[in-house]
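Open the model in your viewer and keep the selection panel at hand. This tour goes stop by stop.

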Amino acid sequence: MLSCKDVSKLLSDRLDRQLGLMERVRLRMHLVMCTGCSRVERQLAFLREAFSGFVKPTDRE
Amino acid sequence: LNAKITPSDLAEHRPYLLKYAVLQVGQREVAEDLVQEVMLAAMKGAAGFSGRASVRTWLTAILLNKVADHRRQAGREVSLEAQQEALGADSIEAMFRANGSYASMPQEWRNPEESLTDKRFSDALEACLGRLSELGRQVFLLRELMGLSIEEICKELGLTATNCSVLLHRGRMRLRGCLEDGWFAKRQKQR
């Protein structure tokens, strides 16, 4: 079984590379049962969104 | 679309570029020199601006090149020791118990999108970034701000791919923890 620490690494890696099939399966199985990791998953996605807005400027025409 | 760069564009983006440069190189004087070079290069190269990217993105790209030049000149290929040091500084051991479960349960962030338009939130975000190691911060910014791939970041900084992804993992986890304590927890209490 993956620990939450292992899962957090996969959640991070997933933002940088395509996960392998087994990684995806084990990740999904853990996320179904784990509230904490599901929150972290959403939070990491939010972090990415926050920084994409950092550079994306108010484009002036 | 008639794309043009004017001196007032440059003045407008200067504070952002400076902030970004300071985060990248860590020293204010060096950062100011680099931004000055960006301004000169931008004036000279204004004709090459296609208008496809935003002005800020275009300027940031020039800055990133200047930062890379600076790093090469300074001979700052990041040594293995320095990589180890950054990994130690950004350790996330304290966030987990020995069995790998969370030492303190991650909380639900309510309506996080609302924060994106809040000026105080970008201050909080920056403060959290400031708590990462310099290398951890650089890797994170190259990835999230500039959208470089892991391979490109490794090449740019001379890191191993493993260290690169470990630094990103630690950086992200530390940032989420820092934002939770320093922003979301306080915000929810106020309601």
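Start with a term: buried means under 20% relative accessible area, exposed means over 50%, and partly exposed lies in between, using a 1.4 Å probe and protein chains only. This is a predicted model, in which local features need pLDDT of at least 70, side-chain atom pairs count only at pLDDT 80 or more, and totals for chains, interfaces and linings use all residues. Residues are numbered from 1 along each chain as its sequence is written, chains are lettered from A and ligands numbered from 1 in the order in which they are written, and side-chain values use heavy atoms, with hydrogens and water left out.

**Stop 1: a loop residue in chain B**

Select Asn111(B). Its place is the loop between helix 4 (80-89) and helix 5 (119-129) of chain B. Helices (H or I, at least four residues) and strands (E, at least two) are DSSP runs, numbered from the N terminus. Is Asn111(B) buried or partly exposed? Asn111(B) is partly exposed, because its relative accessible area is 39%. Check its backbone too: phi of Asn111(B) is near 45 degrees, a positive value in a residue other than glycine.

**Stop 2: chain B as a whole**

Now select chain B. It has eight helices and zero strands. Its C-alpha atoms fill a box of roughly 55 × 45 × 30 Å along the principal axes. Of the 191 residues in chain B, 48% are buried. Chain B exposes about 9,900 Å², and carbon and sulfur atoms supply 50% of that. These areas come from the Shrake-Rupley method with a 1.4 Å probe; for residues, only the protein chains shown count as cover.

Contact means heavy atoms within 4.5 Å. Take the contacts in chain B between residues at least 6 apart in sequence: 74% join residues at least 24 apart. Ser79(B) sits in the loop between helix 3 and helix 4 of chain B. Ser79(B) counts as partly exposed because its relative accessibility is 31%.

**Stop 3: helix 6 of chain B**

Select residues 134-144 of chain B, which are helix 6. How many residues of this helix are buried? The count is 10 of the 11, so helix 6 of chain B is largely enclosed by the rest of the structure. Among the buried ones are Leu135(B), Val139(B), Phe140(B) and Arg143(B).

**Stop 4: where the chains meet**

A salt bridge is a side-chain nitrogen of Lys or Arg within 4 Å of a carboxyl oxygen of Asp or Glu. Between chain B and chain A the count is six salt bridges.

The rule also finds 16 residue pairs in polar contact across this interface, both residues at pLDDT 80 or more. A polar contact is a pair of N or O atoms within 3.5 Å; within protein, one must be able to donate a hydrogen and the other to accept it, and residues adjacent in sequence count only if both atoms are side-chain atoms.

Which helix of chain B gives the most to the side that touches chain A? Helix 8 does, with 11 residues. The contact takes 43 residues from chain B and 29 residues from chain A. The two chains bury about 3,300 Å² between them, 64% of it on carbon and sulfur atoms. Buried area is the accessible area (1.4 Å probe) that two parts lose on being put together, summed over both.

**Stop 5: chain A**

Select chain A. Its secondary structure comes to three helices and zero strands. Buried residues make up 49% of its 61 residues.

Zoom in on Ser38(A), in helix 3 (residues 35-55) of chain A. Ser38(A) counts as buried because its relative accessibility is 15%. A polar atom of its side chain lies 3.1 Å from the backbone oxygen of Leu31(A).

**Stop 6: a nonpolar patch**

Last, select Leu21(A), Met22(A), Val25(A) and Met29(A). Together they make a nonpolar surface patch of about 410 Å². Patches are made of residues with over 30% relative accessible area and no salt bridge; like charges are joined within 9 Å, nonpolar side chains (Val, Leu, Ile, Met, Phe, Trp, Tyr) within 5 Å. Val25(A) lies in helix 2 (residues 21-33) of chain A. Val25(A) counts as partly exposed, at 36% relative accessibility.
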